[in-house]
Amino acid sequence: MRRIIIVLTISIFGLCSCKTGAKIPRIEYSKEAVSSPIPFAKGVISTENNSEFELTFSVDGQTVYFSRRAPEEKQKIYISNFKNGVWTAPVLADFSTDRDETVSITPDGKYLFFGSERPIPNKPNKGNFDMNIWMVEKTDNGWSTPSPLPEPINTVQLENEEWPSSNNNFFFTNDGETFYFTSMMRGSKSIKLYQTKFDGKDFSEPKAIDGIWDDEKFWIYSAVISPNGRYLIFNSHGASGGTGGEDIFVSKKTDNGWSKAQPIGPLINTKEEESSPRFSRDGKYFFFSRAANLGNYEYGEWSIFFVETEYLNLENLFKN
């Protein structure tokens, strides 16, 4: 297997190559039971005039990073803290300077990944739209200067190449060893799920995870794995079993990999657009983004919703 050598301006060699073993704190983000989806931190994080979508939490669950797009502007990454049972007014992350989105943080809290449209030094994009994965490292003074991940995790578009080919904006791990991302690799026909292993020094050659759809024309996008490792959850546009344009689907871990995908159900999927599934660190809460479907690939403003994971009844999706 060919290995991918990482060359970055900051060292990645210490990147959580083993499980931390730390106990994940249980935090109540609502004083009441949340049995049906409601806006997350309404008026503070989920607002009326902006689009908010995609979030992740710090290891202690007390800080949230999310994407916000003001009207006529590019989205950037914002930060809010949970203090005395309420979320503080969000502030722009120091490292967010371009079209930035889809944050994830390693379980030891040392590294943060995000998607960005910013150009990779000495690798100009020659296509129509290019997103890549960038990384920052935790320091005594905050987060370090961002650096891009290497090829083939990041693949800059060639001349006349169009989105979604060679785009990647979300890099996810539950253990710091196995990382997942979704991308349409150059020359392929759909956005697929890929897995890469980190051995403390290098990432392995990404390997496609097949079998989730019978028809590869259906995309797999923004995929995460539940904290208990049992479920792979992602969004897909126009896929079998969906109810709107973009819907959320679930695959279950099996002895042979991952099962066929099932729609997550009417509690989440509606005639509107649903995307960006995420979990709280302890798995108690499930988060997703929703926007009004205006037709002709036009959408309203996105907002972040959440519900307690138990009400998804995920196991029931796979009883038949």
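1. S2 pairs with strand S27 (residues 303-308) in the antiparallel sense over two bridges, and the bridge partner of Pro39 in S27 is Phe305. Strands here are DSSP runs (E, at least two residues) numbered from the N terminus, and two strands pair if DSSP finds at least two bridges between them.

2. On conventions, residues are numbered from 1 along each chain as its sequence is written. Because the model is predicted, local features need pLDDT of at least 70 and side-chain atom pairs count only at pLDDT 80 or more, whereas totals for chains, interfaces and linings use all residues; side-chain values use heavy atoms, with hydrogens and water left out.

3. A further open sheet has four strands in the order S13-S14-S15-S17, again with antiparallel pairing. Its edge strands are strand S13 (171-173) and strand S17 (207-209), each of which pairs on one side only, and the twist averages 35 degrees from one strand to the next (axes are lines fitted to C-alpha atoms, and angles run from 0 to 180 degrees between N-to-C directions). Strand S15 (residues 192-197) and S17 run antiparallel and are joined by three bridges; Tyr194 has Ala208 as its bridge partner in S17.

4. Ser183 belongs to strand S14 (residues 178-183) and is buried, with a relative accessible area of 4%. The terms used here are buried for under 20% relative accessible area, exposed for over 50% and partly exposed in between, with a 1.4 Å probe and protein chains only. A polar atom of the Ser183 side chain lies 2.8 Å from the backbone oxygen of Asn167. Leaving aside neighbours within four places in sequence, Ser183 is in contact (heavy atoms within 4.5 Å) with residues including Ser166, Asn167, Ile191 and Tyr194; Tyr194 is also the residue whose bridge partner in S17 is Ala208.

5. Glu52, in strand S3 (residues 51-57), is a buried residue with a relative accessible area of 0%. The side chains of Glu52 and Thr47 are joined by a polar contact of 2.6 Å, a polar contact being a pair of N or O atoms within 3.5 Å of which, within protein, one must be able to donate a hydrogen and the other to accept it, while residues adjacent in sequence count only if both atoms are side-chain atoms.

6. Strand S8 (residues 100-105) is mostly covered, six of its six residues being buried. Four bridges join S8 to strand S9 (residues 111-116), and the two run antiparallel; Glu101 stands opposite Gly115 in S9. S8 and S9 form a hairpin with five residues between them, and Gly109 in the turn has a positive phi of about 80 degrees.

7. The largest pocket holds about 1,000 Å³ of space and is lined by 32 residues, of which Arg69, Gln75, Arg99, Tyr299 and Trp302 lie nearest its centre. Among the strands that each supply at least two residues of this lining are S3, S8, strand S18 (221-225) and strand S23 (273-279). A pocket is defined on a 1 Å grid over the protein atoms alone, as an open set of points where a 1.4 Å probe fits, with protein on both sides within 12 Å along at least five of seven lines, and lining residues have an atom within 4 Å of a point; the volume is the space filled by probe spheres set on the points, which are joined across faces, edges and corners.

8. The loop between strand S12 (147-148) and S13 contains Pro152, which is joined to Glu151 by a cis peptide bond with omega of about 0 degrees. Pro164 is found in the loop between S12 and S13, and a cis peptide bond with omega of about 10 degrees joins Trp163 and Pro164.

9. Asn160, also in the loop between S12 and S13, has a positive phi of about 70 degrees although it is not a glycine, and it is exposed, with a relative accessible area of 68%. Ser276, in strand S23, likewise has a positive phi, near 55 degrees, in a residue other than glycine, but Ser276 is buried, with a relative accessible area of 5%.
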